[in-house]
Amino acid sequence: MQGYIPNWAIYFTTYEWSKKQYASILSQFHSDRDLFVNFLSSITAGALSNTATAPIWTIRTRMMTQTRNDDYRNSFHAAKKIYQTEGLYALYRGVIPSMWGLVSPTTTTKRKQQFFFIRFTSVFNFHFMNI
């Protein structure tokens, strides 16, 4: 849980913010910009959340795979020890390969969610504000 909550909090916050930013910028160039705005927003949100939470996943993996129980006492000790012995780069190992996974699943999933939400609300004439 220590990694998922910050990851999704950063992702959804960044997604909504970047969607507004890209929509205002791209409105000057494209009339039908919805798909491209969603694509850019999901890539931006995924990249930022991956980068921000990478140390959490590194520390979690190291603690789970430690051979002796005295290597890391807790998460803070693990972060300190990794930083002191291997440097800052060690906390972000594996971030670049994880960015390759952003393109397909993130963008298509978010686009499908919005597609079905729009279809559901338009077919059933359903408004969430009236509940």
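Helix axes are lines fitted to C-alpha atoms over the stretch in contact, and the angles between them run from 0 to 180 degrees between N-to-C directions. In this predicted model, the axes of helix α1 (residues 4-26) and helix α2 (residues 34-65) come within 7 Å and cross at roughly 150°. Angles over 145 degrees count as roughly antiparallel, and α1 and α2 are therefore roughly antiparallel to each other. The crossing in which α1 passes α2 is right-handed.

Helix α1 also contains F12, a residue that is partly exposed, with a relative accessible area of 41%. Together with Y4 and W8, F12 forms a nonpolar patch on the surface. The accessible area of Y4, W8 and F12 together is about 350 Å².

Two salt bridges were found in a search of the whole structure. One of them pairs the side chains of E86 and R62, with an N to O distance of 2.9 Å. E86 belongs to helix α3 (residues 75-86) and R62 to helix α2, so this pair ties together parts that are 24 residues apart in sequence. A salt bridge also links the side chains of R93 and E86, at 3.3 Å from N to O. E86 has a relative accessibility of 36% and counts as partly exposed; R93, at 44%, likewise counts as partly exposed. Through salt bridges that share partners, R62, E86 and R93 are joined into one network.

Note on methods
Residues numbered from 1 in each chain as written. Predicted model: local features only at pLDDT ≥ 70, side-chain atom pairs only at ≥ 80, totals over all residues. Heavy atoms only, no water. Patch = residues over 30% accessible without salt bridge, like charges linked within 9 Å, V, L, I, M, F, W, Y side chains within 5 Å. Areas by Shrake-Rupley, 256 points an atom, 1.4 Å probe, with all protein chains shown as cover. Salt bridge = Lys/Arg side-chain N within 4 Å of Asp/Glu carboxyl O. Helix = DSSP H or I, 4+ residues; strand = E, 2+ residues; numbered from the N terminus. Buried < 20%, exposed > 50% of the residue type's maximum accessible area, 1.4 Å probe, protein only. Parallel < 35°, antiparallel > 145°, perpendicular 65-115°, else oblique. Left-handed = near helix turned anticlockwise from the far one by under 90°.
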